[in-house]
Protein chains: 2
Amino acid sequence: MNQPYENKKYAPIGVFDSGVGGLTVAREIMRQLPGERIIYFGDTARVPYGSKSRETITRYSRQIIRFLESKGVKAIVVACNTASAFALEKIRPEMKMPIIGVVKPGAKVAAELTKNGHIGVIGTEGTVGSQIYTEMIHRHNPQAVVLGKACPLFVPLVEEGWLKDSVTVEVAKRYLASFQESDIDTLILGCTHYPLLRSMIQEIMGGKVSLVNPAYETAQGLKRLLEQHQLSNDGGQTREPMYQFYVSDAAEKFKNFANSILPCEIEEAQLIHIEE
Amino acid sequence: MNQPYENKKYAPIGVFDSGVGGLTVAREIMRQLPGERIIYFGDTARVPYGSKSRETITRYSRQIIRFLESKGVKAIVVACNTASAFALEKIRPEMKMPIIGVVKPGAKVAAELTKNGHIGVIGTEGTVGSQIYTEMIHRHNPQAVVLGKACPLFVPLVEEGWLKDSVTVEVAKRYLASFQESDIDTLILGCTHYPLLRSMIQEIMGGKVSLVNPAYETAQGLKRLLEQHQLSNDGGQTREPMYQFYVSDAAEKFKNFANSILPCEIEEAQLIHIEE
C-alpha cells in the first residue's frame with residue numbers, strides 16, 4: 001500500500017459507488033466530518049450495479065479498493081447498497097484498513113426507529129434480492145417484519161434528471177403500492193440514488209412513515225470507526241486537495257451531476273481505466 | 001484466429017450487443033438466414049452502452065470481437081447501435097473478416113423510404129449524440145433533414161418488461177413530442193431494444209410515419225456480405241449447435257428474456273469474464 005502521509009490520520013477516506021449515487025453519502029461525510037479529505041471513485045463505465053450478480057459486483061469492488069489503496073486512503077466507505085450487500089462481508093477479512101458499508105448503519109437505525117416492528121426496504125434488484133437488510137435488521141430486532149421492493153427504474157429516472165416529474169411520481173406510486181396493504185412505519189431508502197427522490201417518496205407514503213437515509217447514518221458510523229482506530233483528522237496538513245474525484249467514464253457528465261448536488265464546486269473528475 | 005472448420009462457410013456468425021437488445025437482430029438473422037449458425041455475446045456485466053463514451057465502447061467492442069474470433073466465427077454483426085456508432089469505423093480496418101453494424105443498413109433504407117426528406121432518429125444518448133445516422137443518411141440523400149432524439153429511459157423500461165404500460169406510453173409521448181412540430185415521414189428505431197416498443201411508437205407517431213427497424217435491414221445486408229465473400233452456409237455440417245449464447249453476467253435472466261422474444265428455445269447462456 002502506498003502511504004505517503006507522515007501521519008496516517010491525515011490520509012483521505014476512499015469512497016466508492018457505481019456512479020453518482022454515492023455522492024449523497026460523500027455529501028453527508030462532507031457535512032458531518034468537515035476535517036476529512038475524500039477520494040471518490042464512481043464506476044460510471046460499468047454503472048448500474050443493481051441488476052448485476054454477486055460475483056461480478058465483488059470483482060468490481062476488489063478492483064476499486066485496490067485503486068483506492070494505491071491512493072493511500074486510510075479507510076474505505078462502500079457508498080453503494082448493492083456493493084455493500086454483495087461484496088462487503090466477503091472483502092472485509094482481506095482488508096488491513098477499516099471499511100464500512102451503507103447497509104448496516106441504515107438497518108440499525110431502522111430497527112431502532114420502528115414502533116410496530118414493520119419495516120419496508122426499497123432498493124435495486126441486487127440489494128433487495130440479497131435480503132441483506134432483513135438479515136441486518138434481525139440482528140438488532142429479531143421479531144421485525146421486513147418487506148422489500150426492488151425499484152429498478154428509480155436509478156435511470158434520477159440519472160435522467162426527472163426528479164420532480166409526473167412520470168416519476170407514477171412509477172413511485174406503482175412501486176410503493178406494494179406497501180399499501182402492509183402497515184410499515186419505517187422505510188429504508190436502500191439505494192444511494194433514492195435520497196434525491198426523498199420528498200416525493202415521503203408524500204406518497206404519508207407522514208406516518210419515517211424514511212431512513214442510510215447516508216446520514218453511514219457518516220455517523222464512519223466518525224465512530226475513525227475514532228476507534230485513532231484515525232480522525234483534526235483538519236491539519238491540508239496542502240493537498242480536500243476532495244478528489246475519479247470515474248471510469250464520462251467525466252464531464254459526472255462533474256455536472258456532482259456540482260448539482262454537492263455543497264462544494266468540483267473542478268475536475270479524472271478518468272481512469274479501472275479494469276487495468 | 002482459431003478456425004476449426006474445414007470450410008469457413010460452415011463457421012458461425014458472431015453477433016454482439018450490450019445485453020439483450022441485439023437479440024432483435026439475432027432474431028432477424030434466424031428468420032432470414034435459417035442456414036446460418038450464430039454465436040451471440042451480450043455484455044450484461046457492463047450494460048448499458050448508451051450513456052458511455054466513445055473510448056470506453058471501442059475498448060469493450062475490441063474485447064468482445066477478440067472473444068468471438070477465438071470462437072472461430074466467419075463474420076461479425078455489431079448488433080448494437082451505440083457500438084456501431086462509436087466503434088465500427090475505428091475497428092473495421094483492424095479486422096480480417098467481414099463486419100457489419102446496424103446503423104448503415106438502417107440509414108440507407110430510411111434515405112430511400114422518405115418522400116419529403118425529413119427523417120427522425122431515436123436512440124441512446126451515445127448514438128444520437130454521435131450524429132452517425134445523419135452522416136450515413138447524407139451519403140445516400142445529402143438534402144435530407146435528420147432530427148435526432150435520445151430516449152434514455154426506453155432501455156430500462158424494456159428491461160423492466162413494461163412493454164405495453166401506461167408509464168411507457170407517457171414516457172414515449174414525452175420523447176416523441178419533439179417530432180410533433182417537424183413533419184418527418186420516416187422514423188428510425190436506432191436502438192435494438194426499440195423494436196419491442198414498435199406498435200406503441202407507431203400508434204403515437206400515426207400512420208403517416210414509416211418506422212424503420214434496422215435489424216431487418218442488417219440481416220439483409222449480412223446476407224449480401226456473406227454472398228460477396230462466398231461465406232454463405234447452405235445448411236451443411238450442422239453437428240454443432242445452431243445457436244450459442246454467451247453473457248458477461250446474469251445468465252439466467254438473459255436466458256429468460258431471450259426465450260420470451262426468440263423463435264427458438266435457448267437451453268443455456270454461458271457466463272464468461274470478457275475483461276480477461
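At what angle do helix α5 and helix α7 of chain A pack, and how far apart are their axes?

Tutor: The model is a predicted one. In chain A, helix α5 covers residues 103-113 and helix α7 covers residues 132-140; the two pack at an angle of about 50°, and 8 Å separates their axes. That angle is why α5(A) counts as oblique to α7(A). The hand of the crossing between α5(A) and α7(A) is right-handed. On the α5(A) side, the contact is made by A:Val103, A:Lys104, A:Ala107, A:Lys108, A:Ala110, A:Ala111 and A:Glu112. On the α7(A) side, the contributors are A:Ile132, A:Tyr133, A:Met136, A:Ile137 and A:His140. Sorted by class, the residues of this contact are eight nonpolar, one polar and three charged.

A:Gln131 sits between α6 (125-130) and α7 of chain A. Its phi is near 65°, which is a positive value in a residue other than glycine.

Chain B has a corresponding pair to examine. Helix α5 (residues 103-113) and helix α7 (residues 132-140) of chain B cross at roughly 50°, and their axes come within 8 Å. This makes α5(B) oblique to α7(B). The crossing of α5(B) and α7(B) is right-handed. From α5(B), the residues B:Val103, B:Lys104, B:Ala107, B:Lys108, B:Ala110, B:Ala111 and B:Glu112 take part. They meet B:Ile132, B:Tyr133, B:Met136, B:Ile137 and B:His140 of α7(B). The class division for the contact of α5(B) with α7(B) is eight nonpolar, one polar and three charged residues.

Now the domains. The domain assignment divides chain A into domain 1, made of 8-101 + 216-271, and domain 2, which runs over 103-214. Between the C-alpha centres of domain 1 and domain 2 of chain A there are 22 Å. The contact between these domains of chain A joins 24 residues of domain 1 to 22 residues of domain 2. On the domain 1 side of chain A, the elements that give two or more residues are α1 (23-32), α3 (81-86) and α11 (214-228). That side of domain 1 has nine nonpolar, 12 polar and three charged residues.

Two of these element names, α1 and α11, bring up another helix pair, described here in chain B. Helix α1 (residues 23-32) and helix α11 (residues 214-228) of chain B have axes that come within 8 Å and cross at roughly 50°. The angle therefore makes α1(B) oblique to α11(B). The crossing of α1(B) and α11(B) is right-handed. The residues of α1(B) in this contact are B:Thr24, B:Val25, B:Glu28, B:Ile29 and B:Gln32. Facing them in α11(B) are B:Ala215, B:Tyr216, B:Thr218, B:Ala219, B:Gln220, B:Leu222 and B:Lys223. By class, the contact of α1(B) with α11(B) has six nonpolar, four polar and two charged residues.

Next comes the relation between the chains. Chain A gives 16 residues to the contact, and chain B gives 16 residues. On the side of chain A that touches chain B, helix α9 (residues 166-176) of chain A gives the most, with three residues. That side of chain A divides by class into seven nonpolar, three polar and six charged residues.

In chain A, the peptide bond from A:Val47 to A:Pro48 is cis, with omega near -5°. A:Pro48 belongs to the loop between β2 (38-42) and α2 (54-70) of chain A. In chain B, the bond from B:Val47 to B:Pro48 is likewise cis, and its omega is near -5°. B:Pro48 lies in the loop that links β2 (38-42) and α2 (54-70) of chain B.

Key. Residues numbered from 1 in each chain as written. Chains lettered and ligands numbered in written order. Predicted model: local features only at pLDDT ≥ 70, side-chain atom pairs only at ≥ 80, totals over all residues. Axes fitted to C-alpha atoms, helices over the stretch in contact; angles between N-to-C directions. Helix = DSSP H or I, 4+ residues; strand = E, 2+ residues; numbered from the N terminus. Parallel < 35°, antiparallel > 145°, perpendicular 65-115°, else oblique. Left-handed = near helix turned anticlockwise from the far one by under 90°. Contact = placed C-beta atoms within 7 Å. Nonpolar A, V, L, I, M, F, W, Y, C, P; charged D, E, K, R; others polar. Domains from an automatic or database assignment.
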